[in-house]
Amino acid sequence: MAATKIKFKPVKLSAKRAVAAPRHAPVIPLNDRRLNFGNKWDYAPAPEDSKNYIIAPRHELFINGKFTAPHSGKHFDTINPATEDKITEIALGDAEDVDLAVRAARRAYEKVWSKMPGRERGKYLYRIARIIQEKSRELAVLETMDGGKPIKETRDVDLPIVAAHFFYHAGWADKLQYAFPGRTPRPLGVVGQIIPWNFPLLMAAWKIAPALACGNTVVIKPSKTTSLTLVRLAQIFQEAELPEGVVNVITGVGETGTAIVKHPDVNKIAFTGSTEIGKQLAQMVVGTDKRITLELGGKAANIVFEDAPIDQAIEGIIAGIYFNMGHVCCAGSRLLVQESIYPKVVKKLRDRIQTLRIGNPLDKNTDIGAINNKPQLEKIRELVQSGADEGAEVVQTQCKLPERGYWYPPTFLTGVTASHRVAQEEIFGPVLSVMTFRTPEEAVERANNTPYGLSAGVWTDKGSKIFKIVHQLRAGVVWANTYNKFDPTSPFGGYKESGFGREGGIQGLAAYCRLD
Amino acid sequence: MSTRLDVKKTYKLYLGGKFPRSESGRYLPAKSAKGEHLDNFAHASRKDFRDAVVAARSAVAGWGNASAYNRGQILYRAAEMLQNRAAELVAEIARSTNVSAAKAKREVTLAIDRLVHFAGWTDKYQQVFGSVNPVASSHFNFSTPEPTGVVVVLAPDEPSLLALVSLVAPVILSGNAAIVIASEKFPLPAATFAEILATSDLPGGVVNLLTGKRAELVPHIATHMDVNAIVDGAGDAELSAKLQAGTAINLKRYSKYSLAPADWFSAKAENPYRILDTVEFKTAWHPIGV
């Protein structure tokens, strides 16, 4: 269906090799003309020093303002996915710990936080925001070590937005009546929050800041693989003298999260994670008066029209899928290219991915860090294999991957059809599925042909076309001539099976207020 | 002396602008509050519900893309039709619920005013609830509400007309298409209201009406994959839980909207925030530059 067929040899990924060692997986020989960088792209290592920051050997639960050993007495290891080295031990919270945390949150809600004037609540949030800014580099380094994200991103994207979220919501705390004309907003009570591993601190900020600004108290659980920075954030809450019990951090596993959702004294659940888990949580609150907001998976279409600014679009495609190793629910994982420019786009894309630097996430030059965890790496391998098996052509960068750790090279698949698994399932890795379209109508239909509806991208220099396409896309966030931009003032959240509710902006406050 | 024999009618469903009987061939007797047999009405089946979803889905594109000004005029036109045929509805409510004509009239006039009220929201709710967002980067960023699509509305038994109008108006004013499950106890005012809507300018399929047994339809509503949202005004805890379970199937939006019968006559039933139960906020970004 491509206007001009580009010759790529399909990668032959045997099932065995794909599972055993994709770092050695055969890479497409780029047999036609390509960029030759020679050794000009060999940079000297420029690692951010991690030795300045002392990491305690063990991290406990944060309940009622104090760090507390878990009821189970058990801890689990958290590792650096770039090296597979153990970083520290994290407390394994269970239902007993959750109960203590919910009780502490309830007490704090009733005795302190809901009674405090909004202005004072706001001042705590401002104070927290300032401390986060001060400790920004340390938190970025820890986030990179614990999650595998390149320091360039944690330092320049995650942490600045984390602080910005607290600043933005701090200002709302005494102005909520202006957010809801004709209504008097009141807090909901105790909020249970469960966050994923792709943006650990950022998701914590997205959840905690609006909850506190609106007068709620919080019990929050990070993902098992990325607990470290949230426990550090709890230390910041202590340092900010946030009243005890206002935020409680329960580290642990899936059952820990279930205990939060099922706890009878929790008034609201906010979850970010997979659609599969989101649906399970939605089932758990059936028949209760608990409110729930869900920010779930995505399979975003990034649509490039023939009248797009091509070089800008290529950068947007790269940012859309390879940002944070593609561990992004709103990643532009389905590239829809208008047929007339397909050969040009694929050629440029193929060249561009060769320039992405993969390796030590703490290195300031690194573009692509480590895959967050082993099961995720296996899932990515499995899905790319399925793409190859179903007839797509696999294009990967030719670069050496580190010996240890979890790595996957930037990859895209051409010749993908709408029925391929790689076109339907969320891969949550640095893997792009490339498809074509002829007319704007076809682009919209293909883009909307998914149960998800979180985000989308549109690339064209024609303004009226942007408005038309943006309007027709069934997605909560649409980036036009840009991609993967985030801001605390800008609401984020999905249509359809990407969840419900918005986070950020004036609309995001509604998730944490009672209006009747 | 021979008296004239009244002509009895069977009240039918309202699907896609047409009035079919139930495909199941079933009907139920409508009874007044005192238990007299009034007329028969269609007993909707699962298939009727599925047909209603198809009708609603096909109406979404046209209605959702109609201008807000146009939707407002059409809703106002519906109020005009309602006013014109108020006497018919007053009689229908009075004979169904055995209330006085004065009380029935109060319900009908309030329903008319409520429709007028919500007609005015079609081109205002976006301005009140949407936003331009001052992002820190060089981008123009704005959030606008859009209709979610196909919405099932469950009306309570009483007040059979006013509650239905108060529930449906905030759903359709934004551009959604609705499938309304009418009062089970007093379905005739709802069916008459559908006949009035059919002669307003509201495009077929924007409002579809099913009469029959709620409990029979609820499991199919919860599991249907092409329903975007449920507005539950029925006020039945057991059915609520079943409907809410639908969120776990395709994450259809579920909102409970039950008021005490008297509250449907109050300002509580004119809450514009209810419009937000069946819209999605879309946020668009664009770089600023030359």
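Let's start with confidence. Chain B averages a pLDDT of 97. In that chain, 100% of the residues score at least 70. Keep in mind that this is a predicted model. For the model as a whole, the scores are ipTM 0.95 and pTM 0.94.

Now, one residue: B:Lys282. Where does it sit? B:Lys282 is in strand E11 of chain B, which covers residues 279–287.

Is B:Lys282 buried or exposed? It counts as buried, because it has 24 C-beta neighbours inside 10 Å. The cut-off for buried is 20 or more.

Who are its partners? Set aside the neighbours within four places in sequence. Then B:Lys282 is in contact with B:Ser143, B:Thr144 and B:Glu146 in chain B. It is also in contact with A:Gly476 and A:Val478 in chain A. Look at B:Pro145 too. B:Pro145 and B:Lys282 are 137 residues apart in sequence. In space, C-alpha to C-alpha, they are 6.2 Å apart.

That takes us to the contact between the chains. How many residues does each chain put in? Chain A gives 33 residues, and chain B gives 27 residues. On the chain B side, four elements each supply at least two residues: strand E5 (139–147), helix H9 (237–244), helix H10 (247–250) and E11. Which of them gives the most? That is E11(B), with eight residues. By class, the chain B side that touches chain A has 13 nonpolar, 11 polar and three charged residues.

Stay with E11(B), and look across to chain A. Strand E18 of chain A, residues 477–480, is joined to E11(B) by three bridges. The two strands run parallel.

Last stop, chain A itself. Chain A is divided into two domains. Domain 1 is 15–33 + 298–480. Domain 2 is 61–69 + 84–296 + 495–514. Their C-alpha centres lie 31 Å apart. The contact between these domains takes 24 residues from domain 1 and 17 residues from domain 2. On the domain 1 side, the classes are 10 nonpolar, 10 polar and four charged residues.

To recap: B:Lys282 is buried.

Notes. Residues are numbered from 1 along each chain as its sequence is written. Chains are lettered from A and ligands numbered from 1 in the order in which they are written. This is a predicted model: local features need pLDDT of at least 70, side-chain atom pairs count only at pLDDT 80 or more; totals for chains, interfaces and linings use all residues. A residue is buried if 20 or more other C-beta atoms lie within 10 Å of its own, exposed if 12 or fewer, and partly exposed in between; C-beta atoms are placed from the backbone. Two residues are in contact if their C-beta atoms, placed from the backbone, lie within 7 Å. Ala, Val, Leu, Ile, Met, Phe, Trp, Tyr, Cys and Pro count as nonpolar, Asp, Glu, Lys and Arg as charged, and the others, Gly among them, as polar. Two strands pair if DSSP finds at least two bridges between them. Domain bounds come from an automatic or database domain assignment. pLDDT is the predictor's confidence in each residue, from 0 to 100.
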